[in-house]
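This report walks through a structure from its contacts and overall make-up to a few individual residues. Please keep the sequence and the model in view while reading.

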Amino acid sequence: MERINLGSHHEDAAQFREQIRLESGVDERDCYQCGKCSAGCPVAFAMDYMPREIIRMLQLGLIDEVLSSHTIWLCSDCIACYTRCPRSVQLPQLMDALRIRAREKNLAAEKNIGMFGDLLLGLIKRFGRIFEMGLIITYNLKSRQPFKDVLLGPAILKRRKMGLLPHKIRSVDAVRKMFERVKEMESDTP
Ligand code: SF4
Ligand code: SF4
């Protein structure tokens with residue numbers, strides 16, 4: 001299956017890789033392509049490129065292909081890959097840096113990801129923890145796909161995988177202070 005266009009090398013690939021190394025603390029040259037990360041990744045089945053392939057594409061300079069992949073958004077930062085990697089490549093940190101760049105360059109494959117992040121953080125600020133049901137309903141409504149997960153709802157509720165109502169943690173004020181601190185740090189950043 002033809003998936004990579006080898007003619008689309010990013011002209012600033014070397015510079016891009018250098019910046020990503022600085023931002024993520026990960027040197028893609030450390031990877032020797034053993035594939036242990038892909039073998040242990042719990043969401044590899046849904047990815048368009050395996051975690052190992054993402055690193056290989058970076059090594060080859062296929063920057064736009066990496067930044068427009070679904071894989072970087074599906075990575076859940078579980079660190080299973082890192083614990084298995086014989087070269088201690090911090091793939092989760094690399095994925096974080098790639099996600100930021102993908103949004104900056106308007107290449108994010110998940111077009112509503114900004115809205116999803118805002119909703120998620122809004123709920124955490126309000127309740128001190130995630131409220132999955134509220135997130136799904138609000139996201140589906142705002143992204144104009146109100147019936148997207150309707151058929152899954154009964155099974156999820158029956159198995160008690162999610163609650164219908166939110167639970168607020170006791171120290172929600174401490175969580176809100178963290179949000180305020182981050183906002184201050186962002187406004188201090190030139
Ligand atoms: S486990 Fe580490 S060395 Fe092996 S392919 Fe993955 S990142 Fe590269
Ligand atoms: S951190 Fe991401 S890439 Fe690594 S195993 Fe978890 S989901 Fe897969």
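## Contacts and overall make-up

In this predicted model, residues 24 or more positions apart account for 65% of those contacts in the protein chain that have a separation of 6 or more. Of the 190 residues of the protein chain, 19% count as buried, and the C-alpha trace spans about 50 × 45 × 35 Å along its principal axes.

The protein chain contains eleven helices and zero strands, so that, by the definition of these elements, reading along the sequence gives the pattern α-α-α-α-α-α-α-α-α-α-α. The protein chain is divided into domain 1, covering 13-104, and domain 2, covering 113-188, and the C-alpha centres of domain 1 and domain 2 lie 27 Å apart.

## The surroundings of ligand 1

Which residues are the closest to ligand 1? The shell around ligand 1 holds 15 residues, and the closest of them are C31, C34, C37, C85 and V89. Two helices, α2 (36-40) and α3 (51-60), each supply at least two residues of this shell.

By class, the residues of the shell around ligand 1 divide into nine nonpolar, two polar and four charged.

## The packing of α8 and α9

Helix α8 spans residues 113-127, and helix α9 spans residues 132-142. The two pack at an angle of about 145 degrees, with their axes 10 Å apart, and the crossing of α8 and α9 is right-handed. On the side of α8 the contact is made by M115, F116, L119, L120 and L123, while α9 contributes G134, L135, T138, Y139 and K142. Sorted by class, the residues in this contact of α8 with α9 are seven nonpolar, two polar and one charged.

Is I63 buried or exposed? I63, which is found in helix α4 (residues 63-67), is buried because 24 other C-beta atoms lie within 10 Å, where the cut-off for a buried residue is 20 or more. The C-alpha atoms of I63 and I100 are separated by 13 Å, and these two residues are 37 residues apart along the chain.

L107 is found in the loop between α7 (91-104) and α8 (113-127). L107 has 17 C-beta neighbours inside 10 Å and therefore counts as partly exposed. Once its neighbours within four places in sequence are left aside, L107 is in contact with D64, L67, S68 and A102.

## Two residues with positive phi

Q33, although it is not a glycine, has a positive phi of about 65 degrees. Q33 lies in the loop between α1 (13-24) and α2, and Q33 is partly exposed because 13 other C-beta atoms lie within 10 Å.

N106 is likewise not a glycine and has a positive phi of about 55 degrees. N106 lies in the loop between α7 and α8, where L107 is also found. With 9 C-beta neighbours inside 10 Å, N106 counts as exposed, because the cut-off for an exposed residue is 12 or fewer.

Note on methods
Residues are numbered from 1 along each chain as its sequence is written. Chains are lettered from A and ligands numbered from 1 in the order in which they are written. This is a predicted model: local features need pLDDT of at least 70, side-chain atom pairs count only at pLDDT 80 or more; totals for chains, interfaces and linings use all residues. Domain bounds come from an automatic or database domain assignment. A residue is near a molecule or strand if its C-beta atom, placed from the backbone, lies within 6 Å of it. Helices (H or I, at least four residues) and strands (E, at least two) are DSSP runs, numbered from the N terminus. Ala, Val, Leu, Ile, Met, Phe, Trp, Tyr, Cys and Pro count as nonpolar, Asp, Glu, Lys and Arg as charged, and the others, Gly among them, as polar. Two residues are in contact if their C-beta atoms, placed from the backbone, lie within 7 Å. Axes are lines fitted to C-alpha atoms, for helices over the stretch in contact, and angles run from 0 to 180 degrees between N-to-C directions. A crossing is left-handed if the near helix is turned anticlockwise from the far one by less than a right angle, and right-handed if clockwise.
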